[in-house]
Amino acid sequence: MKLLYGTLLKKGEDKNIEEIINIQDNISAPICKGQKLGEFSYVLNGETIGKTNLIAESDVKKIGILTFMERLFFSWFSILR
């Protein structure tokens, strides 16, 4: 994850910054690279000093029931070894 945001602060104020992550409700696959999934807010002493978007870094495909069952089987198989 890369955060591309900056601001000028007085020395030592960076310890008082609160990062708030808001993720959209009901996100489901498929997700496309570059899709907005939420937002980061940066708050200093109760005041929002910056916001930046949370963006999908890569595509996420929707899996079907067969793929899900296959992954479940191989997970159990690897545990039992």
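**Pairs, core and surface in a predicted model**

The structure holds 1 aromatic pair. The ring centres of Phe-73 and Phe-74 sit 5.4 Å apart with planes at 70°, so this pair is edge-to-face. For the terms used here, rings of Phe, Tyr and Trp (its six-membered ring) pair if their centres lie within 6.5 Å, and planes under 30 degrees apart count as stacked, over 60 as edge-to-face and the rest as tilted. Phe-73 is exposed, at 53% relative accessible area, while Phe-74 is partly exposed, at 46%. Those labels work like this: buried means under 20% relative accessible area, exposed means over 50%, and partly exposed is in between (1.4 Å probe, protein chains only).

A word on where the values come from. This is a predicted model, where local features need pLDDT of at least 70, side-chain atom pairs count only at pLDDT 80 or more, and totals for chains, interfaces and linings use all residues. Residues are numbered from 1 along each chain as its sequence is written, and side-chain values use heavy atoms, with hydrogens and water left out.

Next come the charged side chains. Side chains of opposite charge can pair when their charged atoms come close. A search of the whole structure turns up 2 salt bridges, each being a side-chain nitrogen of Lys or Arg within 4 Å of a carboxyl oxygen of Asp or Glu. In one of them, Lys-36 pairs with Glu-39, with the closest N and O atoms 4.0 Å apart. Lys-36 is partly exposed at 36% relative accessibility, and Glu-39 is also partly exposed, at 21%. Glu-39 forms a salt bridge with Lys-51 too, where the closest N and O atoms are 3.9 Å apart. Lys-51 belongs to strand S3 (residues 47–55) and Glu-39 to strand S2 (residues 36–44), so this pair ties together parts that are 12 residues apart in sequence. Helices (H or I, at least four residues) and strands (E, at least two) are DSSP runs, numbered from the N terminus. Put together, Lys-36, Glu-39 and Lys-51 are linked in a network of salt bridges.

The largest nonpolar core is made of 6 residues, namely Ile-31, Leu-37, Phe-40, Tyr-42, Leu-54 and Ala-56. Its largest share, 3 residues, comes from S2. Such a core is a set of buried Ala, Val, Leu, Ile, Met, Phe, Trp, Tyr and Cys residues joined through side-chain atoms within 4.5 Å. Ser-41 is found in strand S2 as well, and Ser-41 is buried, with a relative accessible area of 7%. Leaving aside neighbours within four places in sequence, Ser-41 is in contact (heavy atoms within 4.5 Å) with Glu-18, Glu-19, Ile-20, Asn-22, Gly-50 and Lys-51.

Then there is Cys-32, in the loop between strand S1 (17–23) and S2. Cys-32 is partly exposed, at 48% relative accessibility. Not counting residues up to four places away in sequence, Cys-32 touches Ala-56, Ser-58 and Asp-59. The C-alpha atoms of Cys-32 and Ala-56 are separated by 7.0 Å, although these residues are 24 residues apart along the chain.
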